[in-house]
Amino acid sequence: MKLSVADLLIDIKNCNYDIILNKTRKYQSGSVGPADMTINCFLAEEIVKPSGRIIEDVEGWSWCIAENGEVSMYHIYGSDKIGSLIKWNKDFFVADAYAIDTFEKSGLEIPVKFFILIRHILWYAIVIKDGIMLHSSALSYKGKGILFSAPSGTGKSTQSALWKKEFEDEVVIINDDTPFIRNIDSVSYVYGCPWSGKSEINEQMKVPVKAVISVKQGKENSVKKLTATEGFFRIFNETKKPVESNMLDKAMDNVITFLSNTEVYELTCTPEKEAVYVLKEVLF
């Protein structure tokens, strides 16, 4: 199976589960060209803990950096049994994903586990392609991308839904939770992808980014432009950050480049349509 995600051709091997095929249907590609990334999936009976320098419990995952520079990450379900493992080659262009059946402890069936593993691989591997995954709800309004970003439960999806309700066909929600952004030729584009949170709202499309909106709940609606430093920390805190030092530096550079192409605002808002027009007046 080949997927076209963020203008990248991803070759996924040994993973033709119906759930995954259905969830990725919009992104499947018949291209016969060389892949930008390859993901090999393996159903295992047991997963051996990798050896090397271990960095434990990074958002529920442990990372391992081997002496030869190869990077892996694994997740433990229940006791000390590894249920999922991702191993990258040195340039992050090839990843091996291993999963064992932990349904009794995790409640996740094997196809769902592989769907999650592929998501994690691309969240980090996008960095090598001058990109980031930004935790946000992204929409297109008249061909321009607006990304509402904030910690979970703050109201990102609510603001996107308000724009969709007010402007109907002029708005397309690109991805309601984890869109990809890539910096290409001095332009930053936002892309849909198959992983979009509980709403599962996503589209196979890209548009140039107009602005990132850091959402903050309040009793009144107001907008202020953030400084470059403020914008950096708001954005960087909502990305997936690799622990390997060179990749981490690259991720930071990608955010800095992104900030040179777009602006970041703070929207203090209520969950009412007035918030839409207060922001629209600033952006357009």
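Glu170 is partly exposed, with a relative accessible area of 37% (partly exposed lies between buried, under 20%, and exposed, over 50%, with a 1.4 Å probe and protein chains only). The model is predicted, so local features need pLDDT of at least 70 and side-chain atom pairs count only at pLDDT 80 or more, while totals for chains, interfaces and linings use all residues. Residues are numbered from 1 along each chain as its sequence is written, and side-chain values use heavy atoms, with hydrogens and water left out.

**Salt bridges**

- The structure contains 11 salt bridges, each a side-chain nitrogen of Lys or Arg within 4 Å of a carboxyl oxygen of Asp or Glu.
- Glu170 forms one of them with Lys142, at 3.7 Å from N to O.
- This pair links distant parts of the chain, 28 residues apart: Lys142 is in the loop between strand E10 (136–141) and strand E11 (144–149), and Glu170 is in the loop between helix H4 (156–167) and strand E12 (171–175).
- Helices (H or I, at least four residues) and strands (E, at least two) are DSSP runs, numbered from the N terminus.
- Lys142 counts as exposed, at 56% relative accessibility.
- Asp130 and Lys250 meet through their side chains in a salt bridge of 2.4 Å, N to O.
- That pair also links distant parts of the chain, 120 residues apart, with Asp130 in the loop between helix H3 (110–125) and strand E9 (131–133) and Lys250 in helix H6 (residues 245–261).
- Asp130 is partly exposed at 32%, and Lys250 is partly exposed at 26%.
- Asp11 and Lys13 form a salt bridge at 3.0 Å, N to O; Asp11 is buried at 12% relative accessibility, whereas Lys13 is partly exposed at 39%.
- Lys224, Arg234 and Glu266 are joined in a network of salt bridges.

**Pockets**

- A pocket is an open set of points, on a 1 Å grid over the protein atoms alone, where a 1.4 Å probe fits, with protein on both sides within 12 Å along at least five of seven lines; lining residues have an atom within 4 Å of a point.
- The largest pocket has a volume of about 430 Å³, the space filled by probe spheres set on the points, which are joined across faces, edges and corners.
- Among the 27 residues that line the largest pocket, His135, Ser152, Asp177, Thr178 and Lys240 are the closest to its centre.
- H3 gives the most to this lining, with four residues.
- The lining of the largest pocket has five nonpolar, 13 polar and nine charged residues (nonpolar: Ala, Val, Leu, Ile, Met, Phe, Trp, Tyr, Cys and Pro; charged: Asp, Glu, Lys and Arg; polar: the others, Gly among them).
- The second largest pocket holds about 290 Å³ of space.
- Its lining has 18 residues, and the closest to its centre are Lys23, Phe115, Pro194, Ser196 and Glu200.
- H3 gives the most to the lining of the second largest pocket, with five residues.
- By class, that lining has six nonpolar, six polar and six charged residues.

**Strand E6 and its partners**

- Strand E6 (residues 71–77) is largely enclosed by the rest of the structure, because six of its seven residues are buried.
- E6 pairs with strand E5 (residues 61–65) in the antiparallel sense over four bridges; two strands pair if DSSP finds at least two bridges between them.
- Ile65 stands opposite Val71 in E6.
- The hairpin of E5 and E6 has five residues between the strands, and Gly69 there takes a positive phi near 95°.
- E6 also runs antiparallel to strand E7 (residues 81–88), joined by six bridges, and Ser72 stands opposite Lys87 in E7.
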